[in-house]
Amino acid sequence: MKRLSLKSRLVLLHTGLMTLVVCLVLGVLFSAGSQEILANVQGTLEERVSESIHQVEYRQGRLEFDSDLLDLEGGVYLSVYEPGESSLLYGRLPYGFAYNLPFSDGELRSVATEEAQFYVLDWEFSVDGYGDLLLRGVVSLSDAERDFRFLVRVALILLPVLLVLTAVCGYWISRRALRPVAQITQTVRNIQREKDLSKRVHLGQGRDEIYTLAQTFDQLLDQLEAGFQREKQFTSDAAHELRTPLTVALMQCEELLAREDLSQEARQQVEVIRRKVDSMAGMVSQLLLLSRADQGRAQLHWEDLDLSELSTLEAEEFSEVAARRGMTLHADIQPGIWVRGDQTLLLRLWSNLLQNAVTYGRENGGIWMGLQAREGKIVLQVQDDGPGIAPEHLEKIWDRFYQADPARSGDSSGLGLSMVRWIAQAHGGTARVESQLGQGAVFTVELPEKEENL
């Protein structure tokens with residue numbers, strides 16, 4: 001049941017309840033109707049017999065019978081007998097009824113034969129000038145039951161039709177009632193897909209719980225959007241304000257290192273400071289660029305680029321970086337791959353991926369760098385033989401400042417992979433990672449070919 005949609009469950013519940021109610025109502029009606037039919041048959045028989053005793057007269061030495069005794073009013077058969085005799089004086093009997101049934105004055109009896117079941121009422125009455133006679137009234141229960149069974153069959157035929165109509169009406173009502181829920185769901189999906197917190201449900205005015213939920217949801221989105229806007233603005237302002245003092249600190253370090261009278265110990269300390277300041281400057285630069293991207297102010301400089309040549313240059317540069325940790329960089333770069341993109345950003349994409357491999361790869365291990373054109377896509381890959389990434393961290397590593405293993409991060413700011421994913425998306429591509437613990441990680445970026453990258 002939990003796997004069914006709410007709409008389906010409401011339809012099933014509505015149809016089930018209606019089925020139960022209809023069956024109970026029909027059961028009560030059939031039961032009461034059966035009793036009512038029997039009582040009606042008995043009442044008709046008694047009334048017909050009591051009225052018919054006045055339709056027999058004795059005139060001029062002979063009995064005269066009103067022809068109404070032959071009428072089947074109410075389905076009642078009437079017949080007149082002499083007391084103590086079974087010979088019929090006047091009237092008629094239904095087919096299949098026993099002619100020799102003993103008389104029982106004033107008793108309403110139920111008599112069953114092979115053909116049918118009857119109600120029988122015998123009434124002894126006196127005719128002026130003649131004496132006593134017996135009037136027998138007979139009515140067939142089978143005829144009444146036949147009509148009742150016909151009604152039952154009609155009801156059973158109409159019941160499925162009624163249930164189908166109930167299900168259709170229930171579906172229509174449920175769909176109409178849950179339409180606002182579908183709109184809320186679609187809005188949430190659009191926000192998730194487009195990362196756009198400016199979207200709202202906008203159900204309009206209403207007083208029921210769903211409209212209240214939608215209004216509350218819109219208010220929550222207003223607060224979230226305002227909070228994210230403040231965070232973006234703060235990040236942008238902070239990164240912008242930090243650039244100047246970091247630039248000044250970096251220039252001062254360069255000036256100190258240029259002095260010939262600086263002692264070796266002081267020179268080493270200034271060099272450490274310079275590296276840290278340089279690392280912080282790079283982090284601020286990336287943070288500022290991401291902040292501008294969040295605000296839609298990042299501008300890419302599009303041009304046709306020989307990505308194979310750019311990749312080769314990055315491979316040569318990072319071969320030296322990797323060698324400092326005893327690592328070997330293996331490059332497999334397909335020549336002649338062109339792409340339309342921003343040269344600075346694509347170089348930074350390679351730099352961030354390779355730096356991540358150097359930082360988290362196994363010391364004295366290997367790094368594999370690849371560039372291939374496959375099935376209309378340009379595939380960039382960087383693989384390391386480090387400790388790998390746990391499944392619960394695979395998607396989080398793309399978040400800003402997130403580090404799966406802070407103890408091994410070194411000078412890493414936690415912004416590199418966020419920048420990689422943004423650069424890939426800005427060029428109409430995607431970025432993903434595959435990894436298992438103890439087996440390293442493979443980072444893959446797919447970009448559209450030159451003619452598709454607009």
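C169 is partly exposed, with a relative accessible area of 43%, whereas C253, at 6% relative accessibility, counts as buried. Here buried stands for a relative accessible area under 20%, exposed for over 50%, and partly exposed for values in between, with a 1.4 Å probe and protein chains only. The structure holds 0 disulfides, a disulfide being a pair of cysteine sulfur atoms within 2.5 Å.

The structure is a predicted model, in which local features need pLDDT of at least 70 and side-chain atom pairs count only at pLDDT 80 or more, while totals for chains, interfaces and linings use all residues. Residues are numbered from 1 along each chain as its sequence is written, and side-chain values use heavy atoms, with hydrogens and water left out.

The protein chain has 454 residues, of which 35% are buried. Its accessible surface comes to about 27,100 Å², and carbon and sulfur atoms hold 53% of that area; such areas come from the Shrake-Rupley method with a 1.4 Å probe, and for residues only the protein chains shown count as cover. The secondary structure comprises 7 helices and 14 strands. Among contacts with a separation of 6 or more, 62% link residues 24 or more positions apart, where contact means heavy atoms within 4.5 Å.

At 21% relative accessibility, G91 counts as partly exposed. Apart from its neighbours within four places in sequence, G91 is in contact with L70, L78 and S79. The C-alpha atom of G91 is separated by 9.3 Å from that of R136, a residue 45 positions away along the chain.

Two strands pair if DSSP finds at least two bridges between them. Strands of a sheet pair through backbone hydrogen bonds, either parallel or antiparallel. Strand β5 (residues 108-112) is joined to strand β6 (residues 117-127) by 5 bridges, and the two run antiparallel. A hairpin of 4 residues connects β5 to β6, and A112 has Q117 in β6 as its bridge partner. β6 also pairs in the antiparallel sense with strand β7 (residues 131-140), over 10 bridges. In this pairing D122 stands opposite R136 in β7. The hairpin formed by β6 and β7 has 3 residues between the strands, and G129 in the turn has a positive phi of about 85°.

Helix α2 spans residues 141-194 and includes T187. Over residues 150-173 the chain is 100% helix and 0% strand, with the end C-alpha atoms 34 Å apart. T187, at 8% relative accessibility, counts as buried. Not counting residues up to four places away in sequence, T187 touches R200 and V201.

An open sheet of 5 strands comes next, with the order β9-β11-β12-β14-β13 and mixed pairing. Its edge strands are β9 (328-333) and β13 (430-435), each of which pairs on one side only. From one strand to the next, the twist averages 15°; axes are lines fitted to C-alpha atoms, for helices over the stretch in contact, and angles run from 0 to 180 degrees between N-to-C directions. β13 pairs with strand β14 (residues 441-448) in the antiparallel sense over 6 bridges, and A431 stands opposite V445 in β14.

Two helices pack on this sheet. Helix α5 (residues 307-323) touches β9, β11 (366-374) and β12 (377-384), and its direction makes about 170° with that of β9. Helix α6 (residues 343-360) touches β9, β11, β12 and β14, and its direction makes about 25° with that of β12.

Helix α7 (residues 416-426) is largely enclosed by the rest of the structure, because 8 of its 11 residues are buried. The buried residues are G416, L417, S418, M419, V420, W422, I423 and A424. After α7 comes G428, whose phi is positive, near 80°.
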